[in-house]
Amino acid sequence: MDSPSREKWSDDVNKEVEVPAVGDSPTSIEAIDVMRIMEAIPHRYPFLLIDRMVDIVLGSSAVGIKNVTASEPHFQGHFPSRPVMPGVLIIEAMAQTAATLVVLTLGAAFEGKLVYFMTIDGAKFRRPVEPGDQLRIHVEKERSRANVWKFKGVARVDGVSVAEATFSAMIMG
């Protein structure tokens, strides 16, 4: 019998997956490494933009960690005399953190599925991110319906906000 406190999700082969409802106690994961992130999402170097995740509350929030290094390919041209991480890559790191959270929440049936941007709203860039910085990318679910999830993301370096955006994405089969 279906529990009224749980929401049902269907994947591409119509298997139902239960997701904890708002009233259920959240399940937390202290941390995952890059190997577990690569099991969850299909991104790989040079486009995998998170190295670790911490403070994961399934169905709710997580913090992605990106160690910014001078050897990353985008720094060769952005900008050679003053390397700055492109803002769109910071937003992408937010999306990868959120996508990993979604897959961890939904379970193994969703590992490796593609997640596509639908919207990016209110993006603000507050200061440059440079080699040697560590981005801490805080994402929080605003809502989800069917296979569409909406998040608020804030990227920080040393506790100071460097970028923020609200975005939505769709998980595909």
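1. UniProt, in an unreviewed entry, places the feature "active site" at His78; such annotations may be inferred rather than shown by experiment. The model is predicted, with local features needing pLDDT of at least 70 and side-chain atom pairs counting only at pLDDT 80 or more, while totals for chains, interfaces and linings use all residues. Residues are numbered from 1 along each chain as its sequence is written, and side-chain values use heavy atoms, leaving out hydrogens and water.

2. His78 sits in the loop between β5 and α2 (87–106). His78 is partly exposed because its relative accessibility is 25% (buried means under 20%, exposed over 50%, partly exposed in between, with a 1.4 Å probe and protein chains only). Neighbours within four places in sequence aside, His78 is in contact (heavy atoms within 4.5 Å) with Pro83, Val84, Met85 and Pro86.

3. Lys66 belongs to strand β5 (residues 61–67). Its relative accessible area is 5%, so Lys66 is buried. Not counting residues up to four places away in sequence, Lys66 touches several residues, including Leu49, Asp51, Glu72 and Met85.

4. There are three aromatic pairs in the structure (ring centres within 6.5 Å; planes under 30 degrees apart are stacked, over 60 edge-to-face, the rest tilted). Phe117 and Phe167 form an edge-to-face pair because their planes are at 85 degrees, with ring centres 6.2 Å apart. This pair joins strand β6 (residues 114–125), which holds Phe117, to strand β9 (residues 160–172), which holds Phe167, 50 residues apart.

5. Phe167 is buried at 2% relative accessibility. The rings of Phe151 and Phe167 have planes at 20 degrees and centres 6.0 Å apart, so this pair is stacked.

Note on methods. Helices (H or I, at least four residues) and strands (E, at least two) are DSSP runs, numbered from the N terminus.
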